Amino acid sequence: MNLLSTLKRLVILIGLFLAVFWISQSAFTGATRSFYPPPSARTKYNFNSGWKLFVGDPSGAEAPAFDDSAWKNVMLPHAWNEDSAFKVSIHDLPTGVAWYRKSFRLPAGSADKKVFLEFEGIRQGGEFFLNGKFIGRHENGVMAFGFDITNQLNPAPQENVLAARIDNSWTYHEQATNAPFQWNDRNFYANYGGINKNVYLHVTDKLYQTLPLYSSLGTTGVYIHADDFDIADRRATITAETQVKNEHANSETCDFEVAIADPDGKTIKTIDGGSQTIAAGETKTLVASARVDHLNFWSWGYGYLYDVYTILKVNGRVVDVVRTRTGFRKTEFAHGFVKLNDNPIQLKGYAQRTTNEWPSIGLSVPPWLSDFSNRMIVEGNGNLIRWMHVTPWKQDIESCDRVGLMEAMPAGDSEADVTGRRWEQRVELMRDAIIYNRNNPSIVFYECGNKAISEAHMQQMKALRDTFDLHGGRAIGAREMLNSKVAEYGGEMLYINKSAAKPMWAMEYSRDEGLRKYWDEFSPPYHKDGAGPLYQNQDASVYNRNQDSHAIEDVMRWYDYWRERPGTGERVSAGGVNIIFSDSNTHFRGAENFRRSGEVDAMRLPKDGYFIHQVMWDGWVDVEHPRIHIIGHWNYEPGTKKNIYIVSSADRVELFVNGKSQGLGVQSSRFLYTFKNVLWQPGVVKAVGYDTRGKKICEAEVKTAGKPFGIRLTVHTGPSGLRADGSDLALIDVEVVDAAGNRCPTALNLINFSISGPAEWRGGIAQGPDNYILAKSLPVECGINRVLVSSTPDSGVIRLKAEADSLKPAAVEIASRAVKSVDGLSLEMPDGGLSANLTRGPTPAARALLSSRTPLRIASASAGANVATVALSFDDNEATSWSNDGQLSSAWIVYELDRPASINELTLKLGSWRTRSYPIRISVDEQTVFNGSTSPSLGYVTLTFPPTTGRHVKVELTREPKDTNNVGNAVGITGNPEVGPRSSAFSIVEVEIYEPTNRRPR
């Protein structure tokens, strides 16, 4: 008997004892009790250890006797080209064939059992061999898949050899059809090749609950869902469905039971699912359902998760138990916005590359680092992550469950609708992704395309959702589906959309770039905003900003969405996401070979943009907790004068330098306060925010740091410490500090690292040769940097030392703990020990939105031209519009309201809104109330004037519009170039007319 079998039997005995104890205790308590899953024939093993890797395509590598002794020892997940992550551009990431091999033995007692392999994913196509025999192929480079290897295995204690030939070529084609995969794209899907995600081995009885691996196994697994919510009283109906397969020679009658346990292991409900007879070879879905009280609902920043155990018994004997970790939440997609647990929420977050990569590692990081990154979004008050183009791997999805971060899950695409086999591939990928991820509460949107798809294709995707996830509370849609009758949400890139019906949210509302290294043009290395090489003849200021400019642009971009948030009328914006959260090894522009649009850098060190979003996003819809942030630092050369920028949700902001008031800041874009030409002097700069009554509600300060004195190291590991499994990572911050321990914000010192002990140096990133990837000498930027150290399979003490010229050195010790793996199998899961983030607390009690203005209904309209289409200017459809005939004399439209009202605001979406300024006059019952020019915007402009009573509102062009042409090749209404010939063309996409309200927005 091997050690793994001994451990397994010990676990079973302990489980039996605890089960008896639980039964005896329950007779006395009659209350909620701890749940201990009964022992069964099913065991799930971590299959990540003990792999061998060779980059190349040797003949015969699938044979068990092949000599792989010279191959590299690796732990999965492991991309064979990880050393190149961020070192080279996405286009130059190494591609080709690599082989992975692993020897393992089944534990004793596995005879007459079913055995399955589960791969969370590979990149791109793979052929798999067990003991020299071909067992299958997987090719889409995104989704999980698996194999039934029962009949190909050598029984215990014989050795088995698994071999995989993985090809990550950009030109990879599906072998059966020769069709390429649309999403295998050099612009956005960074190519980290090989077995880059986790692998598991499942051993089950021949009567078993299937795995959710549809394409490869044809099975759908377990589906847990909730309906009939009563949020206030914390109740819902919970249903468990499980697909069961009988591979015994005879029919089996099994009892189905469900147990729901909370995070403390307490049973909150047991459900009797009755008995079913399943014939030999039959597959059947068993269902159990019950009303459950005292629920805690999953929410934003409240990753409350339950373990749902689906249990099969035959003649009173447990034969199979599956644990599904899930959460319960209610969603609603209507009236132009989203509700979560009956509470309106404006969508605020990031469009993030699905690879979510790190320097020198790529995507294959341990689960705690996924939590580290995704939790930062929540702590920055983001509530949504829109993964881009392809489905994220299971680790990131489960991470979002834990941290309380809503997700939009794509399947796979590039940026166009397609037909034939390429469309079929997209449908198959969406189907598999839904089935595999439908128990994850963080997923609230399914995205069918990063560009519009046809209505027929949208209907096909919706049918998939309705077939496999009818009860999941998830909207399905795609980018640009503004006037779709099928899509349940829509939105554009770079522009603001509004609706009174389905939610419209921005898929990407800001794409500007800037290195974290660049504070401003007054700080080393003195980067002037917009300096650098041109990209496609664009002004470099949009992709080579410094931190001042980048953060200010973020404020200006978000303002348009805040201005049209839920509660500002019938037609509202549901919100939007900023591209991207962390700098990415994908599509890039300008000086660097990676994308620098992140609000944090590639090592997740924040830029100022991170903190300004934290200020503006602090609330479900309106700001609920006043905040303030000073952009930049306070270490300059004598005589420096510069603008100081403050971002705050306060109504007024006052600046103090060493206690002396600099007056009140000039407010713009609601959240930005500017103080012009402030003279630097050493000491403290302090910003104080006040409400409308003059009460101080928030403050922040930045002080001058002294001269660089020494180095400080700070270690981050997972909650159970650094695991000696060969794939875990430690994250170490390195700072240059003054004698008092303050970070020196303008320090750029080169730090030299040395390491000893059972570890592998993975380093960090900085501006310089090869981006300093894997270099042991690395500069700090803005006084700080961060490096990665990987564990090895050997445990022990790792010592890291950091030195620099003229600075006091620093050193840290990191103890890695042993992880038991026997015969290539481990019972310790990669995410073991990770807990949910509950910091925001449960969803607040449901509250109605308080409107800040009252929309007025338009009864009819007339115009100077094209009268038949005048209603398109107020039809709540941004894909339609009214236009005149290009003559100034016809550039007018009159709206008749259904009643006289006191009118004080017009909101307009005009043709070419981003690039064109329109001189217009607005009159109410022939009384002029506004005469001026609109400014280019992300979509809508709001014009205000003193309340004027009337029923007829005229909007007219007074002279030729002016094109600013500040965005090259921009597109406004889907498919229509934004910049057209200069003329008196006047186009209104949507108009809204408002009267004042006595209620203030929250």
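A salt bridge here is a side-chain nitrogen of Lys or Arg within 4 Å of a carboxyl oxygen of Asp or Glu. The close-ups below come from a predicted model, in which local features need pLDDT of at least 70 and side-chain atom pairs count only at pLDDT 80 or more, while totals for chains, interfaces and linings use all residues. Residues are numbered from 1 along each chain as its sequence is written, and side-chain values use heavy atoms, with hydrogens and water left out.

**View 1. Asp466 and Arg465 form a salt bridge.** The closest N and O atoms of this pair are 2.7 Å apart. Asp466 is partly exposed, at 30% relative accessibility, whereas Arg465 is buried, with a relative accessible area of 7%. (Buried means under 20% relative accessible area, exposed over 50%, and partly exposed in between, using a 1.4 Å probe and protein chains only.) Elsewhere, salt bridges that share partners join Lys498, Arg563, Glu564, Arg571, Arg853, Asp876, Glu878, Glu905, Lys909 and Glu992 into one network.

**View 2. A salt bridge links Arg386 to Glu447.** Their closest N and O atoms lie 2.7 Å apart. Arg386 belongs to strand E24 (residues 384-388) and Glu447 to strand E26 (residues 443-447), so this pair ties together parts that are 61 residues apart in sequence. (Helices, H or I with at least four residues, and strands, E with at least two, are DSSP runs numbered from the N terminus.) Arg386 counts as buried at 0% relative accessibility, and Glu447 also counts as buried, at 1%. The structure as a whole holds 76 salt bridges.

**View 3. Asp432 and Arg431 meet through their side chains.** Their salt bridge spans 3.1 Å from N to O. Both Asp432 and Arg431 are buried.

**View 4. His633 sits in a loop between two strands.** With 4% relative accessibility, His633 counts as buried. Take a look at its polar contacts, meaning pairs of N or O atoms within 3.5 Å; within protein, one atom must be able to donate a hydrogen and the other to accept it, and residues adjacent in sequence count only if both atoms are side-chain atoms. The side chains of His633 and Ser523 are joined by such a contact at 2.6 Å, and the His633 side chain also reaches the backbone nitrogen of Asn635 at 2.9 Å. Setting aside residues up to four places away in sequence, His633 touches Trp519, Asp520, Ser523, Val702, Pro745 and Thr746, where contact means heavy atoms within 4.5 Å.

**View 5. Asn343 is found in strand E22 (residues 343-345).** Asn343 is buried, its relative accessible area being 1%. The side chain of Asn343 reaches the backbone nitrogen of Arg847 at 3.3 Å. Leaving aside neighbours within four places in sequence, the residues in contact with Asn343 are Val338, Trp620, Thr843, Pro844, Ala845, Ala846 and Arg847.

**View 6. Helix H7 (residues 547-563) meets helix H8 (residues 608-616).** Their axes come within 8 Å and cross at roughly 30°, which makes H7 roughly parallel to H8. (Axes are lines fitted to C-alpha atoms, for helices over the stretch in contact, with angles from 0 to 180 degrees between N-to-C directions; angles under 35 degrees count as roughly parallel, over 145 as roughly antiparallel, 65 to 115 as roughly perpendicular and the rest as oblique.) On the H7 side, Gln547, Ala551, Asp554, Val555 and Trp558 meet Asp608, Gly609, Ile612, His613 and Met616 of H8.
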